[in-house]
Amino acid sequence: MAQFRLTQISDTHLARRHTLLTDNFHRVSEHIDAKRPDLVLNSGDVAFDGPTSRDDLVFAKELHRALPVDCLYLPGNHDIGDNPTAVDAAPKQLPTEATRKAFTDLIGEDRWHFDAAGWCFIGLNSLIMNTGLDSEAEQFDWLATQFDKAVGKPVALFLHKPLYLDVPYDAEQEATSFRYVPQPARRRLIEMFGKVDWRLVGSGHVHQRRDYTFEHVRHVWAPSVGFIVPDARQELIGIKETGLVEYRFQPDSFEVRHVRAPGQVDVDLDMLLGKEPAA
């Protein structure tokens with residue numbers, strides 16, 4: 001394959017009760033139908049409230065199944081629960097083996113590897129990191145075996161949470177590590193990928209579009225397909241807009257296009273929930 005076209009969508013947050021989010025997903029589906037990439041990746045928060053609503057997962061899968069091309073998935077915190085950090089209180093909903101299994105049974109595998117256009121693609125479940133679950137240890141063991149297949153190939157990593165804000169190890173940023181892959185799992189992950197020709201990290205979670213390079217690794221944050229988070233709830237880091245990301249991979253190179261599907265709307269989270277903006 002001389003080139004490989006991948007479309008990354010993220011944070012769709014689908015549920016039957018949130019029609020505005022469904023409308024945005026339909027606009028993205030129409031865009032995908034027009035462009036026909038080789039593969040679609042949803043990098044997490046596929047459903048609005050997967051841990052407590054099986055129907056949200058079912059509904060999300062129904063809509064993704066109607067896409068005109070194959071789709072891979074990664075779980076987000078709204079799919080299986082949020083991982084703990086070393087510096088903050090535990091989340092209300094921690095991932096469990098049961099919530100992870102519900103995701104893999106209904107949506108798809110929560111980690112994967114494939115090769116295309118001379119590249120090695122790896123997808124990881126970032127929400128089980130730092131949990132101590134058996135699946136966390138199994139994933140790290142599995143990852144170590146994938147690097148043998150990456151010899152001589154550039155590597156692209158996809159996961160729900162960004163690895164970090166600006167630099168890998170910054171004590172001042174640890175206070176917001178709920179937004180990123182938490183320590184010490186982050187350090188272990190970075191050290192493991194240091195053994196291969198690592199070129200790209202694609203993520204979602206923050207609902208802001210961002211694209212920067214640190215030490216030869218390009219970090220692409222996909223915006224939410226569904227909604228934006230108002231400034232009163234979340235500081236501005238990148239660009240707050242709904243959209244998606246399109247990649248074109250060729251042997252030893254890749255291109256990134258940040259796009260919005262025609263008709264996509266910047267649904268405001270406070271409006272979605274029917275709440276007044278936070279003070």
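Predicted model: local features only at pLDDT ≥ 70, side-chain atom pairs only at ≥ 80, totals over all residues.

## Aromatic cluster

Ring pairs join Phe 4, Trp 112, Phe 114, Trp 119, Phe 121, Phe 158, Tyr 247, Phe 249 and Phe 254 into a cluster. In the whole structure, 15 aromatic pairs are found. The pair of Phe 4 and Phe 114 is edge-to-face, because the ring planes meet at 65°, above the cut-off of 60 degrees; the ring centres are 5.7 Å apart. Since Phe 4 belongs to strand β1 (residues 4-9) and Phe 114 to strand β4 (residues 112-116), this pair ties together parts that are 110 residues apart in sequence. Phe 4 and Phe 114 are both buried.

Phe 114 also forms an aromatic pair with Phe 121. Here the rings are stacked, with 4.7 Å from centre to centre and 10° between the planes. Phe 121 is buried, as is Phe 114.

## Arginines over rings

Arg 188 is placed over the face of Phe 140, at 4.0 Å from the ring centre. Arg 210 lies over the face of Trp 221, and its distance from the ring centre is 4.9 Å.

## Helix α4 and its surroundings

Helix α4 spans residues 97-106, and its buried residues are Thr 99, Arg 100, Phe 103, Thr 104 and Leu 106. Against which elements do the buried residues of α4 pack? They pack against α2 (54-65), β3 (71-73), α3 and α5 (134-146). Just after α4 comes Gly 108, which has a positive phi of about 160°.

## The largest pocket

The largest pocket holds about 810 Å³ of space. Its lining consists of 27 residues, and those closest to the centre of the pocket are Asp 45, Asn 77, His 78, Asp 82 and His 205. Two or more residues of the lining come from each of the elements α3 (77-80) and α7 (269-273).

What is the make-up of the lining of the largest pocket in nonpolar, polar and charged residues? The lining divides into 11 nonpolar, 9 polar and 7 charged residues.

Definitions and conventions. Residues numbered from 1 in each chain as written. Heavy atoms only, no water. 1 Å grid on protein atoms, 1.4 Å probe; cavity = no way out; pocket = protein on both sides within 12 Å on 5 of 7 lines; lining within 4 Å. Points joined across faces, edges and corners; volume = space filled by probe spheres on them. Helix = DSSP H or I, 4+ residues; strand = E, 2+ residues; numbered from the N terminus. Nonpolar A, V, L, I, M, F, W, Y, C, P; charged D, E, K, R; others polar. Phe/Tyr/Trp six-rings, centres within 6.5 Å; stacked < 30°, edge-to-face > 60°. Buried < 20%, exposed > 50% of the residue type's maximum accessible area, 1.4 Å probe, protein only. Lys NZ or Arg CZ within 6 Å of the ring centre and 35° of its normal. Contact = heavy atoms within 4.5 Å.
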